[in-house]
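Visitor: I would like to learn how to read a ligand site. Could you walk me through one?
Guide: Gladly, let us look at one together.

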Amino acid sequence: MAATYQRAVHWFRRDLRLTDNTGLQAALAQSQEIIPCYLLSGWSGSHRWTGAKRQKFLCDCLASLAANLEHLGSRLIFRRGSQVDELLALVEETGAEAIFLNSDVDPFGQSVEAELMRRSPVPVHICDDAFLHRPDEILKDDGTPYRVYTPFSKRWLQREKRRPAERPKAIRTPSGIGSLPVPELSHWGLAEEDHWDLLPGGEREGRLRMREALGTRIPDYDDHRDLPAVTGTSRLSQDLRWGTISIRELYQRASSCHSAQYLKELAWREFYFSILHHFPEVLAEEFNPDWRGLPWEEPGETFEAWKSGKTGFPIVDAGIRELLATGFMHNRVRMIVAMFLTKDLHLDWRLGEQFFAQHLLDGEIASNNGGWQWSAGTGADAAPYFRIQNPWSQTKRFDPQGEYIKRWVPELVGVDPKRFQVPPENDRPIAKGYPLPIVDHGEERNRTLEIFKTHKAARSGH
Ligand SMILES: Cc1cc2nc3c(=O)[nH]c(=O)nc-3n(C[C@H](O)[C@H](O)[C@H](O)COP(=O)(O)OP(=O)(O)OC[C@H]3O[C@@H](n4cnc5c(N)ncnc54)[C@H](O)[C@@H]3O)c2cc1C
């Protein structure tokens, strides 16, 4: 069959792989020559939704993609600046007759897509790739979006899933197109820090991790997923975020691992995509209108202690220190740490959301917002405000030997793990050099209940 186009651009975004890349496959099917490109953002320094560790992971992914394209006889073109301007300049310069890309799932990416559609003089093909079902696909019988996870997940699991496609064997790319070099962290004025211990990024690394996860972690997932001391979860979130593995391939292969729970976790990801799609206001305010305008406290010393892992609550400090070093935190600990910020320190969940986004390699706007609002008790399918996790008893349940805590808080290495399960008595620190708890959990819990109750009563006029 003759190709529709002589030459087309494929714009890589959150799809940094060659295997089963829907937009790239479509471009290859319809065009004789492909110009693969990646557009570098021009920000430097602090940013609301990303940070240095995440950008380092992105650099790895881009270096890997560039090398993989070269293997197929192609070349990844890097440009920097306003995304639509740069794409249109590339089209004009190369005579490309179409642009292919995979859709984004957040409102920022989607507004760029809308602008591109408006301004492009050539056809723009936007494909679905990052999810198994479009964020507007799983709806209730009456056509309205789900607000609660369980019925959403039932319908999501029942729906037939698209199967993964093959990896392309060759890609023809015209020569002589100008490109910036493969970016390094310094491109954004950032530098690696000595204490970092990050997973390497890229399609090859992602596939190795997927193989490892499919071999042991996913089959044993239901037993180990809540234990932060064990690597008992798949550890694939950063690869799903950056598209270094395909969600279709992961789903298909994980389906034969006999973990019903694992597939349900993948549904959580798409539940939050759907929430963000239908209710983009969640990025600014509480999903549940009852909780808008809650009186959060001003961030001060307690926020600084939380951000540096020095609250005197071992499980909270271990979580934050894991995040600062690795750009990852175990899901169980994310919940404990997030509830602690909102329910023990009475600080706005948006502060925690931003802090996580600036440190997580897997920082995903929809899931991060969903996780924070869930923990704060303000979100879709949120834990009701009166269900407040106790960091001491959570430790007893999920890290009884204190292995996770000792891994991340060296001051506590020689300490009896039972001491991580109750507050210290008589103002005696658990270990030399380790702070006393910055608050009393019982007291703060009562305050939270009072704050929520009073707020609800005021809103309903009682
Ligand atoms: C406060 C808070 C913030 C969070 N921020 C993010 C974020 O920015 N990016 C992110 O990918 N996840 C986020 N999560 C969800 C979850 O913690 C991570 O997806 C998970 O820890 C990643 O580890 P894993 O790949 O080993 O997960 P596994 O347990 O192996 O799960 C498999 C996959 O399912 C998805 N998933 C699992 N749990 C959830 C969940 N609760 N919500 C959405 N997707 C889920 C992820 O894509 C994950 O890779 C957050 C959770 C909380 C409580």
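This is a predicted model: local features need pLDDT of at least 70, side-chain atom pairs count only at pLDDT 80 or more; totals for chains, interfaces and linings use all residues.

Visitor: Where does the ligand sit?
Guide: One can start with the pockets and then turn to the domains. Here the ligand sits in the largest pocket. Domain 2 (131-163 + 201-278) and domain 3 (289-452) both give residues to the shell around the ligand, so the ligand lies between these domains.

Visitor: Which residues come nearest to the ligand?
Guide: For this, one counts residues with a heavy atom within 4 Å of the molecule. There are 28 residues around the ligand, and Tyr221, Thr233, Ser234, Arg235 and Asn331 come nearest. By kind, the shell holds 14 nonpolar, 8 polar and 6 charged residues.

Visitor: Which helix gives the most to the shell?
Guide: That is helix 10, with 6 residues. At least two shell residues each come from helix 8 (237-242), helix 10 (260-278), helix 13 (331-344) and helix 15 (365-376).

Visitor: Which polar atoms lie 3.1 Å, 2.9 Å and 3.3 Å from a nitrogen atom of the ligand?
Guide: Here one looks for pairs of N or O atoms within 3.5 Å. Glu265 places a polar side-chain atom 3.1 Å from a ligand nitrogen atom. For Asp362, a polar backbone atom is 2.9 Å from a nitrogen atom of the ligand. In the side chain of Asn368, an N or O atom is 3.3 Å from a ligand nitrogen atom.

Visitor: And how much of the ligand's accessible area does the protein cover?
Guide: On its own the ligand has 820 Å² of accessible area, and the protein covers 96% of that.

Terms used. Residues are numbered from 1 along each chain as its sequence is written. Side-chain values use heavy atoms; hydrogens and water are left out. A polar contact is a pair of N or O atoms within 3.5 Å; within protein, one must be able to donate a hydrogen and the other to accept it, and residues adjacent in sequence count only if both atoms are side-chain atoms. Accessible areas come from the Shrake-Rupley method with a 1.4 Å probe; for residues, only the protein chains shown count as cover. On a 1 Å grid over the protein atoms alone, a cavity is a set of points where a 1.4 Å probe fits but cannot get out, and a pocket is an open set with protein on both sides within 12 Å along at least five of seven lines; lining residues have an atom within 4 Å of a point. A molecule sits in a cavity or pocket if more than half of its atoms lie within 2 Å of its grid points. Helices (H or I, at least four residues) and strands (E, at least two) are DSSP runs, numbered from the N terminus. Ala, Val, Leu, Ile, Met, Phe, Trp, Tyr, Cys and Pro count as nonpolar, Asp, Glu, Lys and Arg as charged, and the others, Gly among them, as polar. Domain bounds come from an automatic or database domain assignment.
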